Amino acid sequence: MSAVETRPEDERPLSVVRQPLPHDSAELHVTGRAVYIDDMREPAGTLHLAPGWCPNIAKGVIRDVDLTRVRAAPGVVAVITAKDVPGVNDCSPSIGGDPVLADGEIEFWGQVVFCVVAETRDQARRAARLALYEGEAGTPIVTAEAAKAAGTTVLPEYRFGRGELGRAYGNAQRRTEGRFVIGGQEHFYLESQIAMAIPGEAGDVHVWSSTQHPTEVQHIVAKVLGIPDAAVTAEVRRMGGGFGGKESQATQWACLAALAAKVTGRPCKIRLDRDDDFVMTGKRHDMVADFRVGFDGEGRLLSADMHFLSRCGYSADLSLGVNDRTMFHADNAYYYPTVQIRSERLKTNTVSNTAFRGFGGPQGVLAAERMMDTIAVLTGFDPLEVRKRNFYGPGRDVTPYGMKVEDNVLAELVGELEKSSDYLRRRQEIRAFNGRNRILKRGIALTPVKFGISFTLIHLNQAGALVHVYTDGSVHLNHGGTEMGQGLFTKVAQVVAEEFGIGFDRVRITATTTAKVPNSSPTAASSGTDLNGMAAQIACREIKGRMIDFVAQEYGTPPEQIDFRDGQVIIGNGSVPFAEIVKKCYTARVQLSSAGYYSTPKITWNRDKAEGRPFYYFAYGAACSEVVVDTMTGEMKVERVDLLHDCGRSLNPALDIGQIEGGFVQGMGWLTTEELVFDDKGRLRTHAPSTYKIPCCSDVPDAFTTKLFDGVNREESIYRSKAVGEPPLMLACSVFSAIFDAIASLKPGVVPPLDAPATPEAIMRAVTAMRRAEG
Amino acid sequence: MRDTVRIIRRGRIVELDRVGPTETLLDYLRLREGAVGTKEGCNEGDCGACTVAVGSYEDGRVVYRPVNACIQFLGALDGKEIVTVEDIGAPGALHPVQAAMVKHHGSQCGFCTPGIVMSLFALYHRDGRAEPPTRREIDDCLAGNLCRCTGYRPIVDAAREALAEPAADAFVTAESTTAGLMQFLSDRRDIFVGDDEAFFAAPRSVESLGKLYARHPDATLVAGGTDVGLWVTKQFRPLGKVIHLGRVGGLDHVEDVGDAVILGATVSFEAAVPHMAAIDPDLGEIFRRIGSTQVRASGTVGGNVANGSPIGDSPPALIALGATLELMRGLEGRALPIEDFFVDYGKQDREPGEFVAGILVPKLRDDQVFRAYKISKRFDQDISAVMAAVRLTLDGGVITEARVAYGGMAATPKRARTVEARLVGAEPAKAQTWSAAIEAIAEDFTPLSDMRASAHYRLETARALLAKALVEVAGAPTTRTRVTGRREAEVA
């Protein structure tokens, strides 16, 4: 490792930070005592909502909705439609176009037209089906290709790159081009979208929302109701999973609950049934990736021309940032001397696609890996060798968007994994196996990940925290980040405990609420710990600073001889229990509460000029996966996985490993079993776990090892750790490449036309094409 | 006659005189009891977040099975103990399964966790619990518990640790007391809660079932309810009259009659698996891959056949084996070959008031071989895109009779008659003798495209599976022909 600046805490022994503590709610989870929104005791008179929508129209106009039968149904208290919206009928997180309730025009199958408010949820759900619609169905544009042909977009095309592509391509010794499909992905958080709104006095409303972005819920509820932001409080203690699906798309349900609460004056709750959640909320963007590459005889890439057609759905939502990130990661770990990356953001009559762990990055990474695999097939070099030859390195360290890669650890990290996974020996064995076996073919791949950390929308890189120290020495912690299972609350509480030198159990973690920390950013972009951990640390240090000043004066000890550890305040050669000093501070009228605020340094990004440094740093990792494929049926089994990931100096190795493994398996699902099927009428045919298959236990091999890379963040991140939420998802590209490798063994030199997800059918399409190809 | 439903909760008998015909256990727990530890994830018995353990008294001991509370009708649990995640441990006093889950970081968002804990709780109390479970057993136990956060590895580790030792928890200590309660609750009375317009009924004998069904031929018969539950939770079908078969004596037996096994109509998949595996490992594997442990614990083979669900995965195998269906109306019975039962999509040869009493599954003769395959996007707990089952009768390497049945290739599970005819006289060891038979699949079937697979893939895979069966019968070891469900491992 290159030398990095160190700060005092890097030297100091740590007692809470870096410990593999369990998730703060673990005991509550396993005993069923963790309270999710649907588990909260409902206030007396709570009403329940169910969305109504027209199952016959994916695109068209509804002229009239006959709600007579709906209103007459048992238990129905109210039916709300667009006419009931007092403010602005739009819950878009960006440029608009997302009506809370459709007003005549229908743009996708599943768009909410009205909402039933009834005494029970069952009554609401039954009544919601009784509406009669009069209108006209048009022909929906369903696929990205169809949208491209029709020229419909949600946002303008964007591109960046460098060099003269035509010349570099023309001069290259070897050239090839390819196209493949990258499927979308349903979040399938186990807790479906939910919100409960409790009306207060003077038009105030308190909204409990399972959201990654309480501030946006607050602001948009206010906008929809036509009341000030200050009249709305949005709160969430925990989500039953988010994965990006509750970044912007939790808002609509919160708005509906708040609207119903306003209309009825009673508490209102909406919890989407799983099928409704599938059809009404957006997913990972599916794309068609085209590439044209020039390379030399050594497999070194000379020019890359990449072009993504992205299905954004009917509105912009977060598609700008998502598709930009596809472009930011279309290099993955590789240096492209001459490059152009182009992205088209196409409008289709499907649900509006949204954030999903990786935020578009995975699609870019998969395309980069496909180019490496393609070059390997055409040159005959081992794919890992091709990858290594194309890694960023000295003199080859500027990304297509002009940022210098300063912290690259891939050579070392990949080398370590290559060894620990026994890649070379297994490569030989697999070659021998494939030579002996006609039906079954094995494949192996070792793929890297480099993932940029920071919101590319620069202003989001800020956070606030609120820390109170009470007179018994217990600490109340609050910050703008949300807990969706990733362990953010645990990590930030570790930071706070470490700062005060107290036990983890002395820090009380509290629900995220816009009333305590305002104007927060979404918990997204893997940034939760980086931002909120820093904000909390700053708040703690502010309080500590005041306490130190007091102690220094009170005890006549220089400040540098005062420290906080083991539940004590160390004062020179003596020590006093933390709680005792706290009491003394209180009595001496020292403020024991502070709001901390942090904004990420160094980052800049000028999107118009496509230049700057959008990322504070990169997180790295690598994965080696082995698969076996049945070339008669396309069935596939993952047989062994080895992961090595860079979390810098981990704040909590247990939670980090949880993110790495969980991200990997989620990515594996995206690339193998999880297939979203829209029919030509725009209807989603896979709208429940019966038809949409996320990985289950037996899909994860017993031979599955995960290790943390012994690294350090060269930037001044919280305790030199690195963000870990999203990057490991892309480790799963190794599974896809291993399948590609197995199929490629059928005919050396022929590139398998494998699409993602690699379902049995997709694998057979590639196998059949291989068998027909001239080889 | 009894007009209440009685269950055991936390060591006490709870007698319910108000039970909706289709009231689910999950609604009872969350809405009536306020026991909100049990979660709703999908409301269709697929994700397992709502898993609870149901205890019943069998062969002298209390047996716990994981059940999907979201599609489980409350009335069907008469006489059983319901155990939820709150009941087995509390913070500071965790159950061994809960403690291991904490220790191994088995929860992240925690929403699937109660269901996972309860599935593991049931496995913790499994039969033969002195042996630590294998990975396969853990996979089976958890196939019906989807976790979106962890990637399962820590949960598997937790299971291994918690289940390494024989069960020793409060439920073991209380076993005799619980058994006593269950014996006390076990009576010979028919249950009828409601009135002639809407009721939940659970007759105790074939006689009272016959009488009741004859009086209410419009009632819905429910065995495990793993399919009917979705008619309620997803389709809002008004099932006013529900007759539950679970208490009917005599329908729940597996009987070995020498050259065949008779599965009573209410025999669960779980109970059927070992008997089917004894006939042939592929048959056992097909049954094991139906649904999840929760679904197999409740779902019945009879129900899977009787409701003619196009997603029934057992019929192709039963057709290939030449199984016979026993139907009854009142006390009148008739038998018909199972393939004749499936008339058309969603239409069965079942008269009003007639019910499935049992299925006779012939064993294989020494001159017969059997192969069955299930193709799905995910190996466990998925519904097939294509099912293929083949029974060949051989004489000196020559096929003298072939029964070939497919699922997913037509509106109903169906025999491939042309293929069968062309296979007669062919020799598995000589591919050229059966290539024409394989091509004939296109004459027997015109499959459709849907979300599970395209017509093209279905047709090609149907061909490939028959070829695979023949290659295997000719001697290829399944270690070289399959990525899953290998026979050698099962047999050896």
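Biologist: How much area do domain 2 of chain B and domain 3 of chain B bury between them, and what share of it is on carbon and sulfur atoms?

Modeller: This is a predicted model, and in it the two domains bury about 960 Å² between them, with 73% on carbon and sulfur atoms. On the domain 2 side of chain B, Tyr213(B), Thr226(B) and Asp227(B) supply 38% of the area buried against domain 3, more than any other three residues.

Biologist: How do you know which residues of these two domains are in contact?

Modeller: The test is heavy atoms within 4.5 Å. By that test, 12 residues of domain 2 of chain B are in contact with 14 residues of domain 3 of chain B. The C-alpha centres of the two domains lie 20 Å apart.

Biologist: Where do domains 2 and 3 run along chain B?

Modeller: Domain 2 covers 191-244 and domain 3 covers 254-362. Chain B also has domain 1 (7-184) and domain 4 (368-487).

Biologist: What polar links join domain 2 of chain B and domain 3 of chain B?

Modeller: Two residue pairs are in polar contact there, while the count of salt bridges between these domains is zero. Helix H9 (residues 206-215) of chain B gives the largest share of the domain 2 side that touches domain 3, five residues. That side of domain 2 of chain B divides into seven nonpolar, three polar and two charged residues.

Biologist: Let us turn to the two chains. How many residues of chain A and chain B are in contact?

Modeller: 85 residues of chain A are in contact with 80 residues of chain B. The area buried between the chains is about 6,800 Å², and carbon and sulfur atoms give 56% of it. Val30(A), Leu190(A) and Cys697(A) supply 11% of what chain A buries against chain B, more than any other three residues.

Biologist: Why is the pair Arg30(B) and Asp38(A) called a salt bridge?

Modeller: The cut-off is a side-chain nitrogen of Lys or Arg within 4 Å of a carboxyl oxygen of Asp or Glu. For Arg30(B) and Asp38(A) the closest N and O atoms are 3.1 Å apart, so the pair is a salt bridge. Across the interface of chain A and chain B the rule finds 13 salt bridges, and 43 residue pairs are in polar contact.

Biologist: Which helix supplies the largest share of the side of chain A that touches chain B?

Modeller: That is H18(A), with eight residues. The residues on this side of chain A divide into 36 nonpolar, 21 polar and 28 charged.

Biologist: What makes the phi of Asn332(A) worth a remark?

Modeller: Phi of Asn332(A) is near 40°, a positive value in a residue other than glycine. Asn332(A) sits in the loop between helix H10 (319-328) and strand S15 (338-347) of chain A.

Biologist: Why is Asn332(A) called buried?

Modeller: Buried means under 20% relative accessible area. Asn332(A) has 0%, so it is buried.

Biologist: How do you know whether Asn43(B) is buried or exposed?

Modeller: Asn43(B) has 6% relative accessibility, and the cut-off for buried is under 20%, so Asn43(B) counts as buried. Asn43(B) also has a positive phi, about 65°, although it is not a glycine. Its place is the loop between helix H1 (25-33) and strand S3 (51-58) of chain B.

Biologist: What is the peptide bond from Ala756(A) to Pro757(A), cis or trans?

Modeller: The bond is cis, with omega near 0°. Pro757(A) lies in the loop between helix H19 (733-744) and H20 of chain A.

Notes
Residues numbered from 1 in each chain as written. Chains lettered and ligands numbered in written order. Predicted model: local features only at pLDDT ≥ 70, side-chain atom pairs only at ≥ 80, totals over all residues. Heavy atoms only, no water. Domains from an automatic or database assignment. Buried area = accessible area lost by both parts, 1.4 Å probe. Polar contact = N/O pair within 3.5 Å; in protein donor to acceptor, adjacent residues only side chain to side chain. Helix = DSSP H or I, 4+ residues; strand = E, 2+ residues; numbered from the N terminus. Nonpolar A, V, L, I, M, F, W, Y, C, P; charged D, E, K, R; others polar. Buried < 20%, exposed > 50% of the residue type's maximum accessible area, 1.4 Å probe, protein only.
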